[in-house]
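Here is a friendly briefing to read with the model open beside you.

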Amino acid sequence: MVIFMRDFVAEMGQDQTKQQIEKGLKLYQSNDTEKALYVWMKVLRKTSDPGGKFRVLGCLITAHSEMGKYKEMLQYSLAQINTAREMEDPDYLTEGYLNLARSNEKLCEFQKTVSYCETCLNMQGTTVSLQLNGQVCLSMGNAYLGLSVFQKALVSYEKALRYAHNNDDKMLECRVCCSLGNFYIQLKDYEKALFFPCKAAELVNDYGKGWSLKYRAMSQYHMSVAYRKLMRLADAMECCEESMKIALQHGDRPLQALCLLNFADIHRCQKDVDKAFPRYESSMCIMSEIGNRLGQASIYVGVGKCWVLQKEYDKALDSLQRAHDLAEAIGNKLCILKVHSLCEGIYRCKEQQDELREQVVKFLQCVEELELYCGMCGESIGEKNQQLQALPCSHIFHLKCLQTNGTKGCPKCHRSSVKLGFV
């Protein structure tokens with residue numbers, strides 16, 4: 001009788017925990033974030049149910065991620081991992097390590113992100129764990145892109161897309177398409193950079209009736225960046241304004257920072273530096289607050305370009321040095337390459353030959369390290385807007401080279417291939 005009562009009380013407690021978590025979710029979905037957090041924190045303090053504790057920590061992780069409170073997100077992820085270890089459940093452990101990977105990704109700790117993702121993929125869980133593998137591959141792809149390891153990033157994105165298709169997971173497919181848009185922005189294939197977020201927007205329109213508006217905001221933001229690169233600035237502004245509107249409604253600080261940065265870049269493309277500078281400053285305030293160092297480096301590059309437009313070369317060099325230091329700290333080699341390229345142009349204008357030669361050497365070293373050249377023609381990739389194509393091994397070439405020369409195997413890894421890659 002005593003055992004029965006104890007089990008009954010435990011079940012009652014679990015039901016109350018579940019009800020309170022659901023109550024918090026409804027408040028959160030109604031944009032009443034403060035009340036939702038209050039409810040969840042109360043559950044976290046009171047519950048003795050490990051499963052309930054794990055779930056409420058998951059809610060807190062998601063909320064803090066969307067608010068841009070990445071350090072708090074990391075703390076809740078560590079607590080979730082400890083709870084999963086107590087439960088000795090491989091599914092919970094996989095989810096915990098995924099949240100730990102995501103937290104480090106947001107904080108630009110890309111090597112740690114890759115390590116935690118590998119731990120997830122090596123876990124021997126059940127079907128639940130396997131369904132998370134697509135999200136793990138997406139996070140790993142984002143981390144490799146943050147490190148400018150393009151081939152491994154593309155391998156991860158392709159795997160994530162396969163998981164999305166196999167599990168009919170349209171939300172995951174939408175997120176991967178946005179990341180692929182960012183991937184091709186960095187390699188300057190602006191046709192693909194626009195195609196993938198447009199595909200994401202289609203998925204939102206076709207399947208996203210019950211989804212969070214953040215998916216629409218995300219796809220609009222990535223479309224805006226691609227339009228800006230294509231110098232379709234009116235389209236870029238329209239998409240960015242829609243994304244910003246949703247970000248403000250939902251208190252999405254990270255997306256607000258990205259939109260402000262993109263607004264600034266649009267104004268810079270219009271050579272309106274007086275409008276660009278305050279947007280960069282506003283973006284920097286949020287990027288610094290949330291800890292997005294890659295975003296901060298991008299802002300310093302944009303500010304440096306503005307100073308170049310005004311022929312304020314010393315101020316430009318100072319801004320670019322700050323970008324370099326941040327990029328070096330997080331391991332983003334592409335940003336470092338951009339800095340050397342811009343500094344080269346500045347020293348050429350200043351007719352400082354020694355400094356110019358130094359930047360040329362460093363630029364070429366970066367190109368070599370990044371392997372940013374076509375394995376067929378030997379010319380550079382990512383220097384100007386060109387159509388690119390990946391083979392199934394995820395090595396990337398100029399599309400015109402593959403069409404002109406054809407290939408029975410990859411010139412880089414010699415893996416046999418008779419068809420082009422999916423992305």
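On the surface, Lys23, Lys42, Arg45 and Lys46 come together in a patch of positive charge. This is a predicted model, in which local features need pLDDT of at least 70 and side-chain atom pairs count only at pLDDT 80 or more, while totals for chains, interfaces and linings use all residues. Residues are numbered from 1 along each chain as its sequence is written, and side-chain values use heavy atoms, with hydrogens and water left out.

**The positive patch**

- Helix α2 (residues 33–46) supplies the largest share of the patch, 3 residues.
- Helices (H or I, at least four residues) and strands (E, at least two) are DSSP runs, numbered from the N terminus.
- Arg45 has its place in helix α2, and this residue is exposed because its relative accessible area is 59%.
- Here, buried means under 20% relative accessible area, exposed means over 50%, and partly exposed lies in between (1.4 Å probe, protein chains only).
- A patch takes residues with over 30% relative accessible area and no salt bridge, joining like charges within 9 Å and nonpolar side chains (Val, Leu, Ile, Met, Phe, Trp, Tyr) within 5 Å.
- Lys and Arg count as positive and Asp and Glu as negative, whereas His and the chain ends are not counted.
- The place of a charge is taken as NZ of Lys, CZ of Arg, CG of Asp or CD of Glu.
- Accessible areas come from the Shrake-Rupley method with a 1.4 Å probe, and for residues only the protein chains shown count as cover.

- Residues 134–167 are 88% helix and 0% strand, with 9 Å between the end C-alpha atoms.
- Residues 297–330 are 91% helix and 0% strand, and their end C-alpha atoms lie 10 Å apart.

**Salt bridges**

- The whole structure holds 17 salt bridges, each defined as a side-chain nitrogen of Lys or Arg within 4 Å of a carboxyl oxygen of Asp or Glu.
- Glu109 and Arg293 join their side chains in one of them (3.4 Å, N to O).
- That pair links distant parts of the chain, 184 residues apart: Glu109 sits in the loop between α5 (90–106) and α6 (110–122), and Arg293 in helix α15 (residues 293–309).
- Glu109 is partly exposed at 31% relative accessibility, and Arg293 is also partly exposed, at 22%.
- Asp235 and Arg232 form a salt bridge through their side chains (3.1 Å, N to O); Asp235 is partly exposed at 27% relative accessibility, as is Arg232 at 38%.
- Asp354 pairs with Arg357 in a salt bridge (2.6 Å, N to O).
- Because Asp354 and Arg357 are 3 residues apart in helix α18 (residues 353–370), about one helical turn separates them.
- Asp354 is exposed, with a relative accessible area of 55%, whereas Arg357 is partly exposed at 49%.
- A network of salt bridges links Arg228, Asp265 and Arg268.

**Two residues to look up**

- Phe263 belongs to helix α13 (residues 253–269) and counts as buried because its relative accessibility is 10%.
- Phe263 and Met237 are 26 residues apart along the chain, with 7.1 Å between their C-alpha atoms.
- Glu22 lies in helix α1 (residues 2–29) and is partly exposed, with a relative accessible area of 40%.
- Glu22 and Ala247 are 225 residues apart along the chain, and their C-alpha atoms are separated by 24 Å.
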